[in-house]
Amino acid sequence: MRAYRLVAVVWIAFAAAVAPPLLAAEPAREMHGMADAFAAPGMTLAWGILRGANEAATVVVLRIVADPVEFPAIAATGTDPFTQRTIPLLIATANSGKLELRVSRAHFADFPRTDIKFLASASAAPSDAPKAIVYYLGVPDTTPEFATDAALDAYLVERLARARTGAAK
């Protein structure tokens with residue numbers, strides 16, 4: 001009978017040691033975006049630039065289309081790679097299926113890294129790890145510029161469709 005107790009104690013100790021790592025959340029899937037469009041299961045992104053009257057008025061637009069069931073919320077940050085200073089570009093926002101991030105082009109001079117964080121919960125706290133991250137190191141070189149919102153919108157609709165069908169370059 002003592003041997004069974006010893007075996008039981010050993011199994012309980014083993015389970016206690018192994019269970020926490022098995023139950024821990026999976027680390028975020030981190031993917032490097034390089035072109036003006038990006039597609040992965042459940043998410044598609046496309047970049048465009050809306051020219052302003054001058055450089056200060058020029059805006060970089062990132063349209064994000066993501067499955068709201070898989071990714072109930074989305075957040076974005078900008079980071080200075082030298083100081084590691086990070087600023088929020090988009091606080092955790094409920095994902096209705098399509099989000100748009102608009103940032104001054106001048107922002108990228110100081111904070112060139114952009115992390116788009118796909119969150120596993122709509123009520124995610126800022127400290128919660130994202131389910132997936134797509135990061136860019138600056139505005140992609142292939143990002144086209146447009147003079148009007150209408151032209152930018154038409155391009156983003158078409159570019160997202162091509163990226164979803166696997167035609168992203």
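Predicted model: local features only at pLDDT ≥ 70, side-chain atom pairs only at ≥ 80, totals over all residues.
Visitor: Is Asp-36 buried or exposed?
Guide: Asp-36 is buried, because its relative accessible area is 5%. Buried means under 20% relative accessible area, exposed over 50%, and partly exposed in between (1.4 Å probe, protein chains only).

Visitor: Which side chain does the Asp-36 side chain make a polar contact with?
Guide: That of Arg-159, at 3.0 Å. A polar contact is a pair of N or O atoms within 3.5 Å; within protein, one must be able to donate a hydrogen and the other to accept it, and residues adjacent in sequence count only if both atoms are side-chain atoms.

Visitor: And which residues of H3 are buried?
Guide: Arg-159 is one of them, along with Leu-152, Tyr-155, Leu-156, Leu-160 and Ala-163. Seen down the axis of H3, the buried residues fall within an arc of 130°, so they line one face of the helix. The arc is that of the directions from the helix axis to the C-beta atoms.

Visitor: What does that buried set pack against?
Guide: The buried residues of H3 pack against S2, strand S3 (43–50), strand S4 (59–66), strand S7 (98–104) and strand S10 (145–146). Contact means heavy atoms within 4.5 Å.

Visitor: Where does Ala-40 sit?
Guide: Ala-40 is in strand S2 (residues 37–40). Ala-40 counts as buried because its relative accessibility is 16%. Ala-40 and Arg-164 are 124 residues apart in sequence, yet 8.1 Å apart in space, C-alpha to C-alpha.

Visitor: Switching to S8, how many of its residues are buried?
Guide: Five of the seven residues in strand S8 (residues 113–119) are buried.

Visitor: Which strands does S8 pair with?
Guide: S8 runs antiparallel to strand S5 (residues 73–79), with seven bridges, and antiparallel to strand S9 (residues 132–137), with six. Two strands pair if DSSP finds at least two bridges between them. Ile-116 in S8 stands opposite Ala-76 and also opposite Val-134 in S9.

Notes:
Residues numbered from 1 in each chain as written. Heavy atoms only, no water. Helix = DSSP H or I, 4+ residues; strand = E, 2+ residues; numbered from the N terminus.
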